[in-house]
Each structure stands twice: as C-alpha cells, then as structure tokens.
Amino acid sequence: NKEDATGEHLLAGNKAWSTRGTWRFWQKTKRLLSEAFPVERFGDNDIIYTNATFFNTEKANQLPKGLLEETLPYTIELIDILSPQLVVALSGSNCFGILRAKYGNGFAQEKVFGNMLIIGRLHELTYVGIYHPASFYTNPQVALVKKSIKIIKDNLALSLSEMKEMLQKECGSELLAVRNYRPAPNVSYDIAQEVMHLIANRYDVLEKKQDAVRLKVNPICEAVVVA
C-alpha cells in the first residue's frame, strides 16, 4: 500500500513473518537449505536469502523502470554489513545478471548446473543462485540443490572454479537423477480427458480442441470444459 511506503514501515519488518510456517514458499526454502542450515531460524550471520530488491510485486516485470538499479547498492550494502557465511539469491539467473551488469568484473560467477545452480563472489562474500522456491522443483532437483548448498557452505575457502569442479564431481549421481527424471503419469488428467470426450459426444459442441471443448448451454450462455 502507498500508505505503508515509509522508512519506518520498512524498518519494522514483515508484519506477517510470525505466520511464515504456513507459507509454501517458506516451507520450500527451508527444505532447500535444510542440509546446510538445519534450524528453524536462520541467523543473519549464517545466511541471507534475497531477491535483488525488497520491493514486493506480483511479478518481477511489474517493478518500475530503474528501481532495481537504484536500490540494488543498498541491498548489497546491507548484505556486506551483515557479512553472512552465504548469500542465496532467489531467481538466481536474473539476480546474477543484474549483479554482473551493475558490478562488472567485480562480481565473478560460475554456472555449475546451468541456471539451476550458479555460484558467485562479490566483496569476498559467496553467492549461490538457484531457481526461485516458488517455482516447481522435482524431487531430484531438490536433492541436488540441497547437497550443493551444503558442499558450498563447507568449502567457502575454495575459489569459484575449484568449488565448481568439486560440486560437479560430488553431485554426479544427483545430476544424473535430475536428467533421468520422468514425471509419474497424471491420472487426474487422463480422467479429465475422458470426461471431456464424453461431454463432446453427448452435447452440441461449438469447438473442440485437444484439452478443451466449448459448448452452448442456452441461447445466451456458453461453457468451456478444460481437461
């Protein structure tokens, strides 16, 4: 809300934080970090998990133009003050791209497992870029990211290239599981397809597609059935 856009409101923190145990986002974040940081509360000196900006929008592309470039130095300044063991960047590929554009060669990075896991360094702090926890993770992807973050945390003295080599060596079986993953058959989808075809055969259908049919309910009303 515009009424909340004050420094005092920002410094007061997230008023809904006490309910985080019910957030799916928080549950997935804890799961991804659980091997490296197996505690309910992660201290600021242990780990920071962040987007490039703390402004909240439904989608990243709804941020006003120039806002990221203007506020990013303040985000980085706060991270440097807290000086955590590890910084986990949510939506890592996008965040790392912004950091590279802003800091140039001052921000070093290595793609370890494509955009699924990237490592970087800025002001001597180690950054890990991952898919946003709100996105879909398969179980093998969770296992790979969990193990990788633990290895990174335990080997912060290594250079990025050494760390990348270790991760690719130690996580070979997890990466293979990610590549070989095949989702289980979707029974609900198959049933929905059958129902859709029954409707299409029984009623006067105006339009039929692979996953949807459109039919006339009455002279002024139409319905779309989606599998």
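## Helix α5 against helix α7

Pro-140, Gln-141, Ala-143, Leu-144 and Lys-147 in α5 meet Glu-174, Leu-175, Ala-177 and Val-178 in α7. Contact here means heavy atoms within 4.5 Å. Helices (H or I, at least four residues) and strands (E, at least two) are DSSP runs, numbered from the N terminus.

This is a predicted model: local features need pLDDT of at least 70, side-chain atom pairs count only at pLDDT 80 or more, and totals for chains, interfaces and linings use all residues. Residues are numbered from 1 along each chain as its sequence is written, and side-chain values use heavy atoms, leaving out hydrogens and water.

Helix α5 covers residues 139-154 and helix α7 covers residues 172-180. Their axes come within 8 Å and cross at roughly 155 degrees. Axes are lines fitted to C-alpha atoms, for helices over the stretch in contact, and angles run from 0 to 180 degrees between N-to-C directions. The two helices are therefore roughly antiparallel. That label needs an angle over 145 degrees; under 35 is roughly parallel, 65 to 115 roughly perpendicular, and the rest oblique.

## Helix α5 against helix α6

Helix α6 spans residues 160-170. It packs against α5 at about 140 degrees, with the axes 10 Å apart. The pair is therefore oblique. Lys-147, Ser-148, Ile-151 and Ile-152 in α5 meet Met-163, Met-166, Leu-167 and Glu-170 in α6.

## Aromatic pairs

How many aromatic pairs does a search of the whole structure find? There are three. Rings of Phe, Tyr and Trp (its six-membered ring) pair if their centres lie within 6.5 Å; planes under 30 degrees apart are stacked, over 60 edge-to-face, and the rest tilted.

Buried means under 20%, exposed over 50%, and partly exposed in between (1.4 Å probe, protein chains only).

Tyr-131 and Tyr-137 also pair edge-to-face, 6.2 Å centre to centre and 65 degrees between the planes. Tyr-131 is partly exposed at 30%, whereas Tyr-137 is buried at 8%. Phe-96, Phe-107 and Tyr-127 form one aromatic cluster.
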